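Here are a few exercises to work through with the model open beside you. Try each task before you read the solution.

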Amino acid sequence: MNNNDLNRVKKEDPFLIQYQSSELRIASEFLTTWLPFLCRDLCHDCSKTLSDRIHSLDPELDGGEREFANLVENRASTSENNVDSGSMNDNCDNCDANSLGSWKDAAETNSMGSWKDGTNGGSEPDQEASASSGLAFESHLAETPSPRMSWADMAQEDELEEEGEEEQRKVNKQVNDGVNVLKEESSVSKVVQKPMLSREEREHMRFMHVRRKKDFICLEKIKGKIVNILGGLELHEGIFSAAEQKRIVDFVHTLNEMGKKGELKEKTYSAPKKWMRGKGRITIQFGCCYNYATDKNGNPPGILQNEPVDPLPHLFKVIIRRLVKWHVLPPTCVPDSCIVNIYEEGDCIPPHIDNHDFVRPFCTVSFLSECNIVFGSNLKVVGAGEFAGSIPIALPVGSVLVLNGNAADVAKHCVPAVPTKRISITFRKMDESKRPFGFVPEPDLQGIQPLPYDAEKPKIFKSDGLAKKQRVRREPKMDGREHGERSDARSQHHYPDSVCATAGLSSG
């Protein structure tokens, strides 16, 4: 199907005109993944019609995805043939009853209720207050701009819940089972119950569609040798749904309000005055207090072992478990501290290498808006919030950037003045010898194991990951060998300045 066909489809269906091709592609990929569930109780003709309609949304659907769609369509047809003809009409009379009316109930049954309740879903606020942070959270939240969500994000559920809450899920299941029984008894005609995907099946589907970029390359001469300064850098997209991002952002705003009211410990919350452009972003630290520069007491940069801060909130521990289980961070390096950065327009982070009081790897999650992070072995400050460096890398909303190897220890990194509001959360594991006095490891962060799935399944996505224009300048190169398309740092070829950090996103 070409673009002319897509334009024809849009003309026939005015509803599609308001969406861009990239959004329709996301919808097509997402609906193709869920096609077996959507076609479970449909007849063959309706399954074929639905499949063709989904395919028509993306004129560039690759061969692998078409093969998968055909496979699930055939599976739906086989399933339909196996159903007793007495339970379904010969034609399509029952298709509407078996599909349109039940998907909403299934979604509500499978979710934890927090999509409708915002940040107050399930019983997490009580646990956050009592079991983890010991903080009394206020019910009011600061208003946050709601980003436009794709169809895929709108359908994804908020599953940031503690995996050990089996009792609560059992209670919810009993309640939902009782509601379903009442519905069946009160219905005039008996409707075939649509099978629902388990939490593990939903998690597996989302896990397999995470996009992972691990082949960043930027070659620079370090001590006479050509080195890939981005070795060990990874970018993961799709770890958090739009609903989960909203919950996290709302929770950060709640923490900010608590800090303003003095409800957090002194070293947990910091809101310095903005005495110049780029200076004065708000920081909230949990697990330990990190000293950015030598303070008035003579303490050097690093973890202040005698300064108490609040422990990790429950929601942040849930995020950490997600990062380890979904193969973003290794189980040997589970974070036990984090720092929240709240940026206003113009705020920045100057060039630096993270202190070795924290072990590698560590990661940063981005929220609210996209911005660039700049890497280079010799970053320079050009002006307030402006830096000159080798390569800017775009950080999409909801993405997770992992720093390890050369990317963490050879290259410096910085965040130029952001164009709009932004939130980032950096999760790090402390060196055991540098932990604060009296530090006790969190019991529910012990023994986390990654999901038993292959995260390296090759699948190329069309995103090019190009950095958007921001206040960053490229550093001129000596002989043109500092950048390249190949990962072999020993190659003697000359590389042009413009080629640095290529390759696409692969879905694990």
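**Exercise 1. Describe the surface and the fold of the protein chain.**

Step 1. The accessible surface of the protein chain is about 25300 Å², and carbon and sulfur atoms hold 52% of that area. Such areas come from the Shrake-Rupley method with a 1.4 Å probe, and for residues only the protein chains shown count as cover.

Step 2. Please keep in mind that this is a predicted model, where local features need pLDDT of at least 70 and side-chain atom pairs count only at pLDDT 80 or more, while totals for chains, interfaces and linings use all residues. Residues are numbered from 1 along each chain as its sequence is written, and side-chain values use heavy atoms, with hydrogens and water left out.

Step 3. Now the secondary structure: the protein chain has 15 helices and 20 strands. These are DSSP runs numbered from the N terminus (helices: H or I, at least four residues; strands: E, at least two).

Step 4. Of the 508 residues in the protein chain, 48% are buried. Buried means under 20% relative accessible area, exposed over 50%, and partly exposed in between (1.4 Å probe, protein chains only).

Step 5. Among contacts with a separation of 6 or more, 78% link residues 24 or more positions apart; contact means heavy atoms within 4.5 Å.

**Exercise 2. Is T426 buried or exposed, and which side chain does it meet in a polar contact?**

Step 1. Locate T426 in strand β18 (residues 422-428).

Step 2. T426 counts as buried because its relative accessibility is 9%.

Step 3. The side chain of T426 makes a polar contact with the side chain of T364 at 2.9 Å. A polar contact is a pair of N or O atoms within 3.5 Å; within protein, one must be able to donate a hydrogen and the other to accept it, and residues adjacent in sequence count only if both atoms are side-chain atoms.

Step 4. Beyond its neighbours within four places in sequence, T426 touches S337, C338, I339, F362, C363 and T364.

**Exercise 3. How many cavities of 30 Å³ or more does the whole structure hold, and what lines the second largest cavity?**

Step 1. The search finds two cavities of 30 Å³ or more. On a 1 Å grid over the protein atoms alone, a cavity is a set of points where a 1.4 Å probe fits but cannot get out; lining residues have an atom within 4 Å of a point.

Step 2. The second largest cavity has a volume of about 30 Å³, the space filled by probe spheres set on points joined across faces, edges and corners.

Step 3. Its lining is Q285, F286, C288, S337, C338, I339, F358 and R428. The largest share, three residues, comes from β9.

Definitions and conventions: On a 1 Å grid over the protein atoms alone, a cavity is a set of points where a 1.4 Å probe fits but cannot get out, and a pocket is an open set with protein on both sides within 12 Å along at least five of seven lines; lining residues have an atom within 4 Å of a point.
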